[in-house]
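Student: I have a model open and want to learn how to read its local features. Can you take me through them?

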Amino acid sequence: MRTMMEKMHTGELYLPGDEEILKEQQIRQDRLYDYNITRPTEQEKREHLLKEMFAEIGKDCYIEPPLHANFGGKFVHFGKMIYANYNLTLVDDTHIYVGDYTMFGPNVTIATAGHPILPELRKQGYQYNMSVRIGENCWLGAGVLVMPGITIGDNVVIGAGSVITKDIPSNVIAVGNPCRILREVNAHDKEYYFKNRRIDYSQL
């Protein structure tokens, strides 16, 4: 029979108030606290802490404190050169995977945890977790919410304030609540970077 800690990663119902889980979570939260009180001049210290905190983290990642994470990043897998603005919230009760060069605007939430619809089960404190996967070179705008079990492809732009309840394929722009595909990344985007602002490749 699986322990509650093991059930965190199988999608089964489990009790997050389990003693073993809470003990590990408290240790991880202490380390997260250490990260969040670092000074802006302490970049080396931040990098060292992130390597301790996260399951995996690539080179040249920058996460602006405060960072919020249920398990302090224990189940978070970041590629290289990922940028996160203020108040990234990682409900990392199970694994979160993020590809290289992806950016997060302020107040983005990635949630892996859910609770049963049945009131009797919620009353008993049951929970389940589903992992989230975000591809390479994505940009999630301010206030985006990613729900449990979601997969987002590569080169995706998600508009600010969107709530992602279904998987998003690669190379699209998606917006809204619930989030829906607006269009594909296309030839127009090779010429303009914002409204009527042309890309001057000679200056890049």
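This is a predicted model: local features need pLDDT of at least 70, side-chain atom pairs count only at pLDDT 80 or more; totals for chains, interfaces and linings use all residues.

Student: How many aromatic pairs does the structure hold?

Tutor: There are 4 aromatic pairs. Start with Tyr62 and Tyr83. Their ring centres are 6.0 Å apart and their planes meet at 10 degrees, so this pair is stacked.

Student: Which strands hold Tyr62 and Tyr83?

Tutor: Tyr62 belongs to strand β2, residues 62-63, and Tyr83 to strand β5, residues 83-84. The pair therefore ties together parts that are 21 residues apart in sequence.

Student: What is the geometry of the pair Phe71 and Phe75?

Tutor: That pair is tilted. The distance is 5.6 Å centre to centre, with 50 degrees between the planes. Stacked needs under 30 degrees and edge-to-face over 60, so the rest count as tilted.

Student: Are Phe71 and Phe75 buried or exposed?

Tutor: Phe71 is buried, at 1% relative accessible area. Phe75 is buried as well, at 7%.

Student: Which residues form an aromatic cluster?

Tutor: Phe54, Phe78 and Phe104 form one cluster.

Student: Rings can also face a charge. Where does the charged end of Arg133 sit?

Tutor: The charged end of Arg133 sits over the ring of Tyr97. The distance to the ring centre is 4.1 Å.

Student: Now the backbone. Which peptide bond is cis at Pro66?

Tutor: Read omega for this. The bond from Pro65 to Pro66 is cis, with omega near 0 degrees. Pro66 lies in the loop between β2 and β3, the latter spanning 68-69. Look next at Asn177 and Pro178: the bond from the former to the latter is also cis, with omega near 0 degrees. Pro178 is in the loop between β18 (172-175) and β19 (180-184).

Student: What is the phi of Asp60?

Tutor: Positive, at about 60 degrees, although Asp60 is not a glycine. Asp60 sits in the loop between β1 (56-57) and β2. Its relative accessible area is 58%, and Asp60 is exposed.

Student: What about the phi of Asn107?

Tutor: Asn107 has a positive phi of about 65 degrees, and it is not a glycine. Asn107 is in the loop between β8 (103-104) and β9 (109-111). With a relative accessible area of 43%, Asn107 is partly exposed.

Student: Last, the asparagine you promised. Where is Asn129?

Tutor: Asn129 is in strand β11, residues 128-129. At 2% relative accessibility, Asn129 is buried.

Student: What does the side chain of Asn129 reach?

Tutor: The Asn129 side chain makes a polar contact with the side chain of Tyr14, at 2.8 Å. The side chain of Asn129 also reaches the backbone oxygen of Asp93, at 3.4 Å.

Student: Which residues does Asn129 touch, leaving out those up to four places away in sequence?

Tutor: Met8, Gly11, Tyr14, Asp93, Thr94, Thr112 and Ala113.

Key:
Residues are numbered from 1 along each chain as its sequence is written. Side-chain values use heavy atoms; hydrogens and water are left out. Rings of Phe, Tyr and Trp (its six-membered ring) pair if their centres lie within 6.5 Å; planes under 30 degrees apart count as stacked, over 60 as edge-to-face and the rest as tilted. Helices (H or I, at least four residues) and strands (E, at least two) are DSSP runs, numbered from the N terminus. Buried means under 20% relative accessible area, exposed over 50%, partly exposed in between (1.4 Å probe, protein chains only). A charge sits over a ring if NZ of Lys or CZ of Arg is within 6 Å of the ring centre and within 35 degrees of the ring normal. A polar contact is a pair of N or O atoms within 3.5 Å; within protein, one must be able to donate a hydrogen and the other to accept it, and residues adjacent in sequence count only if both atoms are side-chain atoms. Contact means heavy atoms within 4.5 Å.
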